Structures are given as structure tokens and as C-alpha cells.
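Please look over the sequence and the model together before reading on.

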Amino acid sequence: MRAAIVSAPLFLASLLAAAPALAQERPRVTSADAARALQNPLVQEGAALAIVRLADILLDTRVGPLATLADPSVPPTATLGDLQRRDDPEFEARLHRDARRAVRTVGAVAGGAVATGVELRRTADRLEAALGPLIGALGE
């Protein structure tokens with residue numbers, strides 16, 4: 001508790017010191033940048049942890065009073081997480097693993113989409129160059 005009281009003013013002071021840097025406009029992130037980031041294992045882990053934290057908030061919802069009506073063995077203080085763990089003791093580990101896998105898949109799909117977009121743009125440019133004279137001749 002004492003460490004929290006001492007560190008709170010330091011934290012606030014560092015936020016105030018960093019405010020001008022935080023207020024600066026950030027560089028524009030392209031889809032290629034995002035795809036590359038999503039293919040980074042550290043970013044994948046961070047995103048997976050964020051997903052798990054959000055899921056934990058939802059799983060902490062108390063549903064015992066209502067669930068007890070359907071199943072009297074459910075304690076009145078039970079949460080969604082309690083019910084899920086009751087059915088699947090490995091739930092948390094699987095949630096994290098699946099979130100990480102999903103983020104990795106999104107990264108792979110994004111990378112493929114960016115590469116395909118570049119190739120489609122190149123094809124469109126070549127078609128435009130090839131059809132330009134024909135369209136020009138039809139207009140004359």
C-alpha cells in the first residue's frame with residue numbers, strides 16, 4: 001500500500017512530463033505496417049493478452065442468482081467464468097492459446113491481403129496502360 005501511495009505522485013508527474021509527446025500527431029500507420037506488426041510474435045502475445053483481459057471482464061459477471069434457477073447446484077455467487085471452468089478446467093489456457101492463434105491468423109491474412117492488393121494494383125496499372133490506346137481510338 002505504501003509503495004502505491006509513494007508511486008502515485010511519481011506516476012502523475014511522469015504523465016504530465018510526457019503530455020506534450022503524447023499530444024503530438026502520430027505517424028500514419030499503413031495496412032502494410034499493421035500486417036507486419038500482426039505477424040510479430042510479441043504483438044501477437046500482447047493482443048492475445050488484451051483479448052483475454054477483455055474476456056476476463058465479461059467472465060467476471062455474476063450470474064449465480066439466475067443460473068441457480070436452471071441448475072440448483074450453481075452457487076448464488078457464481079460467475080460466467082466459474083460456470084465455464086466447471087465445464088472445462090483448462091478453459092483459461094485454451095482461451096489464451098486460441099486468442100494467440102486467432103491474432104496470428106489475422107496477421108497472416110492481413111499480410112496476404114496487402115501482398116494481393118499490391119499485385120492487383122500492378123495488374124490494374126498494366127491493364128490501364130494496355131487498354132488506354134484502345135479506349136482513346138474508340139473515342140476518336
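A polar contact, in the sense used here, is a pair of N or O atoms within 3.5 Å, and within protein one of the two must be able to donate a hydrogen and the other to accept it. With that in mind, and remembering that this is a predicted model, consider the N-terminal end of helix H3, which is capped by Asn-40: a side-chain oxygen of Asn-40 lies 2.7 Å from the backbone nitrogen of Leu-42.

The chain around this helix contains six helices and zero strands, so that, because strands and helices are both taken as DSSP runs, its elements read α-α-α-α-α-α from the N terminus on. Of the 140 residues in the chain, 15% are buried, and the chain exposes about 10700 Å², of which carbon and sulfur atoms supply 67%. Among the contacts between residues at least 6 apart in sequence, 46% join residues that are at least 24 apart.

How does the length of H3 agree with what its residue count would lead one to expect? At 1.5 Å a residue, the 19 residues of H3 should span 27 Å, and the C-alpha atoms at its ends are 26 Å apart, which agrees. The buried residues of H3 are Gln-44, Ala-48, Val-52, Ala-55 and Leu-59. Seen down the axis of H3, these buried residues fall within an arc of 70°, and they therefore line one face of the helix. On the face of H3 turned away from its buried side sit the exposed residues Leu-42, Arg-53, Leu-54 and Ile-57, while the buried residues of H3 pack against helix H2 (31-38), helix H5 (80-87) and H6.

Gln-44, which lies in helix H3, deserves a separate look. Its relative accessibility is 5%, and because buried means under 20%, Gln-44 counts as buried. The side chain of Gln-44 reaches the backbone oxygen of Leu-38 at 3.0 Å, and, leaving aside residues up to four places away in sequence, Gln-44 touches Leu-38, Gln-39, Arg-100, Val-103 and Arg-104. Gly-46 is also found in helix H3, but at 37% relative accessibility it counts as partly exposed. Gly-46 and Arg-100 are 54 residues apart in sequence, yet their C-alpha atoms are 8.8 Å apart in space.

Which residues make up the largest nonpolar core? There are seven of them, namely Ala-48, Val-52, Ala-55, Leu-59, Phe-91, Leu-95 and Ala-99. The elements that give two or more residues to this core are helix H3 (41-59) and helix H6 (91-139), and the largest share, four residues, comes from H3. Phe-91, a member of this core, touches Leu-59 and Gln-84 when residues up to four places away in sequence are not counted. Apart from this core lies another, of five residues, among them Ala-67, Val-74, Ala-78 and Leu-83.

The last stop is the loop between helix H4 (64-70) and H5, where Asp-71 is found. Is Asp-71 buried, exposed or partly exposed? Its relative accessible area is 27%, and because that value falls between the limits of 20% and 50%, Asp-71 is partly exposed. A polar contact of 2.7 Å joins the side chain of Asp-71 to that of Ser-73.

Definitions and conventions: Residues numbered from 1 in each chain as written. Predicted model: local features only at pLDDT ≥ 70, side-chain atom pairs only at ≥ 80, totals over all residues. Heavy atoms only, no water. Core = buried A, V, L, I, M, F, W, Y, C linked by side-chain atoms within 4.5 Å. Buried < 20%, exposed > 50% of the residue type's maximum accessible area, 1.4 Å probe, protein only. Contact = heavy atoms within 4.5 Å. Expected span 1.5 Å × (residues − 1). Arc of directions from axis to C-beta. Areas by Shrake-Rupley, 256 points an atom, 1.4 Å probe, with all protein chains shown as cover.
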